[in-house]
Amino acid sequence: MLSIDNLHAQVEGKKILNGIHLDVKAGEVHAIMGPNGSGKSTLSTVIAGHEDYEVTKGNVLFQGTDIGELSADERAHLGVFLSFQYPVEIPGVTVTNFIKTAINETRKAQGLDEMPANVMLKKIKEKAKLLGIDTHFLSRSLNDGFSGGEKKRNEIFQMAMLEPKLAILDETDSGLDIDALRVVANGVNTLRSKDNAIIVITHYQRLLDYIVPDFVHVLHEGKIVKSGTKELALELEEKGYDWIKQAI
Amino acid sequence: MGLKDKLVASYVAMASEPGAHASVAQLRANAIDTFEQQGFPTKKMEEWKYTSLNALVKTDFSVFPKRTKELTLSDVQRYILHDVDTYKIVLVDGIYSAFLSETTHEGMDVCLMSAALTMPKYKKVIDAYFDQIADREDSLTALNTALTKEGAFIHIPKGKVVEKPIQIIHFSTGINSNLMLQPRNLIVVDSNAEVQIIERHQSLSDVSVFTNSVTEIFTLKGAQVDYYKIQNDHQEASLIDSTYISQQKHSHAKVHTFSFGGKLIRNNLHFYHKDSAIESTMKGITLIEGKQLVDHHTLVHHAHPNSNSHQEYKGIYDGQSTGVFNGKILVEQEAQKTNAFQQNNNILMSDKATINTKPQLEIFADDVKCSHGCTIGQLDESALFYLQTRGIPKKEARALLTYAFANNVLSSVGISSVKSRINTLIAKKLGVNLGFNL
């Protein structure tokens, strides 16, 4: 599904990614862990297609296609989704109108007709229920005045609505209390299937108790320095990141 | 002969025609003197610092139309709100079109200024209100007073709540080359009466047209006026719109101005409080591009205690367009417990667009709440990226953010068909079809 080969990237002249290799197949969940400043968020931003991040070497293949030259919306149309660590507040656009626009613009790009209003409404209700979202929440302005937990829940709601092939969850656990974490993780698990893949970016092992990864990678100074299974996350939790740094 | 001389000469010719009430004739005579002395405003004047009429003044405009053109409904239907039942006063090249209009005299007067200015039965109301709140020292307003022949005359009696909105629509056909128009509206809303009005100026050709419009509105005790100005005119059309509103106790006057197109638009919007406990609301969305210019000059004159004014103007400027916002709030010493709120937010979509914004607060009372704020910025890049990652292409994402930016102003629009029309116009201006109304 996703194949990253020797990826180097920089932003405003500052080199952040220094040769990433990563292969993610359909049905898999990968966790990317690492200390602050190791390049975790940059990696997700580069995969999603932010214009300000320049790829200087290597490439990103999504379902066999090089997506390096595609804009963020074109990548979304192919099925790439990024759940933001800090979702942007947009006063004046309701959650419902936003998600309708996102779905219909995606359908338009895929050559499909707009989703009929009743189908859309049914889907919105169903996915809102899955994430324990109250319907009055849907008529509020997007992320405007939302609590940290509401923002993250809203991100996963959008993921549920858009049904991406590859979802990158960037620090989805930050700002969540344990109850909210369970709801969000449960939502993500419901969306897992053999046809899609998930990359979980996290600083702590906590989220991985709920979203259990098939593989865990440790990022350090813009490179994956160690890969393993879910046990690696537990080891990191116990020993901290210094252990990895020393091992290099 | 320059335009000024031509206008003065036209007045002389017109004054020899019999007709108007004696009081009106006197006001006209004084007004042409004022215009003759002052001439057109220039950029040397503080109030006209950023807006030049130079090019217009040098154009050879004809003052009264020589020829008339009959329009069919299909020519103009798209400019008229038709999904809602309305009264209509339609002028074509400054002349009343009975065919396109729908006036009434049943229980109120929704008719023509020419009738009000000349027929004996309107003498009393004309004597009481005509040119009584307009700024007689303003040269362009004086010019209109001297030369106006037509416009809307609306008189709503006590306690009457007008069910249907009233549309005032001015078309210019281009059959008369370079026409200058002087429409004049007088709207008197008596105690506890309520009315909704929509005004539009629309050029139907690319021939240059210069409209110098004056509207006087009187809201008597407890009256409510909800007024919408739709300014989405042709590239060669220029408009000076001076609107003067006189308010009595417990009245509420609300004006929304949507400025989406035209070569040059200058709005002078003045509210004068004649008693206490008054509400004044003015809101606007400006969305222009190319070399267009939109200039909003507002004035709220708080002269009595316990009144509120609320103004909120949003501007979105692309290309080499220019915006001007000058919001003056004058609070007299007597006007204690005044609440005056003013907000002007602007987005510059291009490096070459300009906005000149100036709050002007003159406060002589000590127990008041007055706030003002202005911002100038660009669309939020991180928000654009966020929308793009959800599959919304850049153009649509920019449009969505622009909608969102303008949304507070739209939320107070009280006629749903006006709201959807404005939504459509914004989408059209931004070149997108987002398929929903905010």
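What share of the 248 residues in chain A is buried? I looked this up before anything else in the predicted model, and buried residues come to 44% of the chain.

**Entry: chain A overall**

I counted the elements of chain A and found eight helices and 12 strands. I then checked the radius of gyration, which is 18 Å and close to the 18 Å from the globule rule for 248 residues, so chain A is as compact as a globular protein of that length. Along the principal axes, the C-alpha atoms of chain A fill a box of roughly 55 × 40 × 35 Å. I also looked at sequence separation in the contacts. Of the contacts in chain A with a separation of 6 or more, 72% are between residues 24 or more positions apart.

**Entry: helix 7 of chain A**

I went to helix 7, residues 230–239 of chain A, and asked which of its residues are buried. They are A:Leu232, A:Ala233 and A:Leu236. Looking down the axis of helix 7, I found these buried residues within an arc of 105°, so they line one face of the helix. I noted the general rule as well: an α-helix has 3.6 residues a turn, so residues three or four places apart point the same way. On the other side of helix 7, A:Glu231 and A:Glu238 are exposed.

Next I asked what the buried residues of helix 7 pack against. The partners are three strands of chain A: strand 3 (29–33), strand 11 (215–220) and strand 12 (223–228). I also checked the residue just after helix 7, A:Gly240, and its phi is positive, about 80°.

**Entry: where chain A touches chain B**

Last, I looked up how many residues of each chain are in contact with the other. The count is 26 residues of chain A against 21 of chain B. On the chain A side, the elements giving two or more residues are helix 2 (72–78), strand 7 (90–94), helix 3 (95–109) and helix 5 (148–162). Helix 3 gives the largest share, eight residues. I sorted this side of chain A by class and got 13 nonpolar, nine polar and four charged residues.

Note on methods: Residues are numbered from 1 along each chain as its sequence is written. Chains are lettered from A and ligands numbered from 1 in the order in which they are written. This is a predicted model: local features need pLDDT of at least 70, side-chain atom pairs count only at pLDDT 80 or more; totals for chains, interfaces and linings use all residues. Two residues are in contact if their C-beta atoms, placed from the backbone, lie within 7 Å. Helices (H or I, at least four residues) and strands (E, at least two) are DSSP runs, numbered from the N terminus. Ala, Val, Leu, Ile, Met, Phe, Trp, Tyr, Cys and Pro count as nonpolar, Asp, Glu, Lys and Arg as charged, and the others, Gly among them, as polar. The radius of gyration is taken over C-alpha atoms; the globule rule is 2.2 Å times the number of residues to the power 0.38. A residue is buried if 20 or more other C-beta atoms lie within 10 Å of its own, exposed if 12 or fewer, and partly exposed in between; C-beta atoms are placed from the backbone. The arc is that of the directions from the helix axis to the C-beta atoms.
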